[in-house]
Amino acid sequence: MATRQVKTYCRFCHAYCPMVATVEDNRLIAVEPDTDNEIYGGYTCVKGRQLVEQTYHPQRLQHSLKRQADGSFETIGTSRALDEIATKLQDILDRHGPRSIASYNGTVSFQNSATHPVAKAWHVALDSPSYYTSITIDQPAKVGIGVARMGYWGGGNHTWRDSNVALIIGNNTLVSHFSIPGGIPSFSPSNALREGRKRGMKIICVDPRRSEVASRADLHLQIKPGQDAVLLAGLIHIILEENLHDAEFCAQHIRNLEPFKASLGRFTPDYVAARTELERDDIIAAARLFAAGPRGTASTGTGPEMGPHPNLVQHLVQSINAICGRHYRAGERLPNAGVLSPLAPRLAQAVPPQPEWLTGVRSRVSEDIGEVTVLTANGPIKEMPTAICADEILMEGPGQIKALICVGGNPLLAWPGQEKAFRALQGLELLVCIDYKLSATAELADYVIGSKLCLERDDLTVLTDIWYEQPYSHYARTVVEAEGDVIEEWELFWELGKRLGLDLSINQQHPLDMTEKPTKYDILARMTTGSRVPLEEIYNRDGGHVYDVPDVIVQPADPATRGHMDLFPAGLADELEAAARDADHGLQLTAGGEYPYLLVSRRMKNTFNSTGPELSFLAAKGTTNPAYINPDDLAALNIADGEIITIRSERGEIPAVAQGSPDIKRGVVSMAHCWGAAPDGSGDDKVREIGANTNRLIDNLDHPEKYSGMARQSAIAVKLCKPG
Ligand SMILES: Nc1nc2c(c(=O)[nH]1)N[C@H]1C(S)=C(S)[C@@H](COP(=O)(O)OP(=O)(O)OC[C@H]3O[C@@H](n4cnc5c(=O)[nH]c(N)nc54)[C@H](O)[C@@H]3O)O[C@H]1N2
Ligand SMILES: Nc1nc2c(c(=O)[nH]1)N[C@H]1C(S)=C(S)[C@@H](COP(=O)(O)OP(=O)(O)OC[C@H]3O[C@@H](n4cnc5c(=O)[nH]c(N)nc54)[C@H](O)[C@@H]3O)O[C@H]1N2
Ligand code: SF4
Ligand SMILES: [Mo]
């Protein structure tokens with residue numbers, strides 16, 4: 001038997017931790033942390049260490065499935081399934097036009113870097129705008145709308161390693177391994193936090209829960225959920241009143257500081273303390289600590305971005321960075337400008353707002369909601385907003401979605417408003433999923449295409465290229481050949497494109513051969529044309545590496561193109577007014593205080609959204625998403641630890657396992673999403689085994705955010721009841 005060791009990286013989540021896989025013949029035997037890696041230093045987490053079990057799990061799909069007339073699934077050859085799917089798509093296309101054909105590319109579609117460029121190329125060739133991803137139910141304000149409205153700084157924001165202070169709002173990177181530059185780096189986050197603290201960095205964490213990050217912060221503001229806009233408005237108010245901002249930077253690069261300041265008048269420390277349930281002195285201390293810098297960043301995670309007024313929250317976060325001048329200036333060296341794309345000049349100037357990013361194809365639900373421009377590694381890309389995809393499926397008329405291709409996502413559990421999502425998925429003429437197991441959504445599909453898993457395919461660190469704080473990259477070659485009749489996600493789009501006679505082109509610039517299937521390397525090469533380090537060099541190196549590329553120095557402004565960031569775009573005054581109104585009256589749909597608790601979302605260590613609960617080591621740590629509640633609240637409600645309760649909102653109810661946790665602020669229920677089953681009640685008696693779905697507690701159209709339609713997926717008013 002030939003045993004070999006192969007350097008690779010984990011793609012269970014987007015932290016891409018380097019691993020050494022032990023392989024016997026074509027069989028994975030073990031994965032271990034790659035302790036030689038200069039960035040990660042051997043960091044991995046409990047999920048990534050289960051890649052062997054995931055690959056060979058009995059529930060793993062090693063082939064594709066087709067639904068039969070009696071509702072059961074039969075195995076079908078993948079190529080034959082693709083033929084049949086293409087025929088059905090052509091028929092739908094002929095009858096309903098291109099917009100009727102949609103794809104939803106979920107979280108795991110991001111973990112295969114070729115998926116999005118090929119999926120987008122397929123949509124462009126089809127002329128179908130119905131391109132959806134999980135980004136628009138995640139943090140659309142952060143990745144597009146905020147920049148479109150305010151503009152950004154061409155030289156970039158301060159990063160973690162160069163910061164003296166970090167204001168971290170609802171982002172728990174120690175568990176989620178997720179942040180944008182400025183937050184705790186996702187790659188070995190515990191080390192990054194330790195190093196930051198060692199060099200004297202101050203950390204302010206805003207979270208209704210004493211999260212893993214909060215418990216290591218210098219100042220934890222245990223805020224009432226959904227009040228981040230009020231807090232940020234208050235912090236900015238203090239900074240401007242006390243003249244702690246960078247007046248020179250503001251004078252040169254910012255527009256509308258005065259009306260912005262005037263609009264914040266009501267957000268005094270006393271008002272903010274009352275609405276956020278924080279101490280007045282802590283709020284003032286946080287404002288002064290952040291403003292003292294001299295370098296630093298404020299950043300958010302999903303907590304506030306899923307809560308009320310996410311566009312406003314994002315605008316205020318960008319504003320607090322801008323007024324404090326938290327940006328690299330001319331002559332300063334950037335820690336990393338990426339290695340996988342050509343180097344664009346970094347200029348010390350404001351790039352003005354991009355109002356055209358807020359226009360584009362409109363949703364049929366509302367003129368106010370439509371394509372969201374997302375700033376990706378390949379430049380701005382337009383996507384339709386997932387929060388209202390179910391309505392686009394259900395609403396009759398021209399453009400109604402009739403076919404959905406679901407890639408590495410699980411809409412039945414993930415989309416806001418589960419009852420509507422369920423009806424929508426069932427109402428489709430054609431639902432195709434590509435997944436490694438029969439997910440809750442795949443159970444509703446007409447065809448399920450078996451997918452490869454990460455160690456069965458090549459990949460490259462495209463997603464994370466500019467998230468690293470050093471010019472790092474890693475090409476992972478296929479570790480073991482997949483055993484069954486399975487394909488990669490991008491292959492699904494290429495194969496369907498070929499059968500439909502489409503010409504696919506990466507970034508609309510690099511055509512793909514549509515006769516003979518390109519290799520993964522071919523696709524990656526087209527995606528990285530002109531990269532600072534040639535792809536071949538990265539491919540030929542064994543493992544991840546920090547590349548010796550010339551320093552990137554921020555260049556002086558170009559007087560011909562320099563602009564201003566706009567602190568007070570149209571509509572902002574109304575948004576501040578609405579946030580204050582919500583704060584004054586609570587977050588309930590109707591008045592009356594019948595729903596006194598606020599349910600917030602969180603991530604759990606042992607699963608990645610709905611990926612993972614079947615893996616034995618992870619399942620041993622829990623097979624449900626408990627409702628974490630402060631023990632004093634449990635006692636007051638006479639609920640025992642571990643008891644099954646009913647959580648009711650104005651939209652629905654779910655069972656849940658109550659778990660006392662002193663980390664949680666009183667009045668708050670903290671619960672992970674993407675658990676449970678269909679909303680038909682069939683899973684309700686199995687809550688200890690499969691958890692419950694928090695999206696049953698909301699309707700996606702209760703508070704649709706302008707532009708993105710983002711639904712309120714956190715800070716949901718609920719009451720806790722004993723069953724019966
Ligand atoms: N282990 C694991 N990792 C994951 C995932 C997973 O399911 N499991 N999911 C992945 C995905 S899809 C994403 S998008 C990222 C997200 O990554 P993060 O944004 O870091 O997500 P969370 O870990 O849920 O952290 C959000 C924090 O916000 C807090 N919060 C909730 N409501 C509010 C509020 O109103 N205000 C404030 N200030 N805070 C609030 C929560 O208590 C929580 O601590 O994580 C990714 N990583
Ligand atoms: N109430 C509420 N709702 C939320 C959130 C919240 O915090 N609260 N969070 C939102 C966020 S941030 C997100 S990103 C979405 C998540 O929404 P989704 O991305 O739709 O959900 P996931 O559970 O991540 O779906 C991943 C799917 O990919 C499959 N999979 C795993 N590995 C592979 C692979 O290698 N290849 C393929 N083809 N499939 C694979 C899994 O089996 C699973 O079915 O949910 C959103 N919904
Ligand atoms: S943090 Fe865990 S799941 Fe994510 S890439 Fe690293 S080992 Fe894999
Ligand atoms: Mo997400």
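Predicted model: local features only at pLDDT ≥ 70, side-chain atom pairs only at ≥ 80, totals over all residues.

Author: Let's start with ligand 3, which sits in the second largest cavity. Around ligand 3 you'll find Cys10, Phe12, Cys13, Ala15, Tyr16 and Cys17, along with Thr44, Cys45, Lys47, Gly48 and His177. Sort that shell by class and you get seven nonpolar residues, three polar ones and one charged one.

Tyr16 belongs to the loop between strand 1 (3-9) and strand 2 (18-24), and its phi is near 55 degrees, a positive value in a residue other than glycine. Most residues other than glycine have a negative phi, and most peptide bonds are trans. For the peptide bond side of that, look at Gly293 and Pro294: the bond joining them is cis, with omega about 5 degrees. Pro294 is also in a loop, between helix 11 (280-292) and strand 13 (296-300).

On to the helices. Helix 4 (residues 140-150) and helix 13 (residues 310-323) have axes that come within 9 Å and cross at roughly 65 degrees. That angle makes helix 4 roughly perpendicular to helix 13, and helix 4 passes helix 13 in a right-handed crossing. Then there's helix 7 (residues 228-241) with helix 10 (residues 269-276): their axes come within 9 Å too, crossing at roughly 160 degrees. Helix 7 and helix 10 are therefore roughly antiparallel, and the crossing of helix 7 past helix 10 is left-handed.

Key
Residues numbered from 1 in each chain as written. Chains lettered and ligands numbered in written order. Heavy atoms only, no water. Near = heavy atom within 4 Å. 1 Å grid on protein atoms, 1.4 Å probe; cavity = no way out; pocket = protein on both sides within 12 Å on 5 of 7 lines; lining within 4 Å. Sits in = over half its atoms within 2 Å of the grid points. Nonpolar A, V, L, I, M, F, W, Y, C, P; charged D, E, K, R; others polar. Axes fitted to C-alpha atoms, helices over the stretch in contact; angles between N-to-C directions. Helix = DSSP H or I, 4+ residues; strand = E, 2+ residues; numbered from the N terminus. Parallel < 35°, antiparallel > 145°, perpendicular 65-115°, else oblique. Left-handed = near helix turned anticlockwise from the far one by under 90°.
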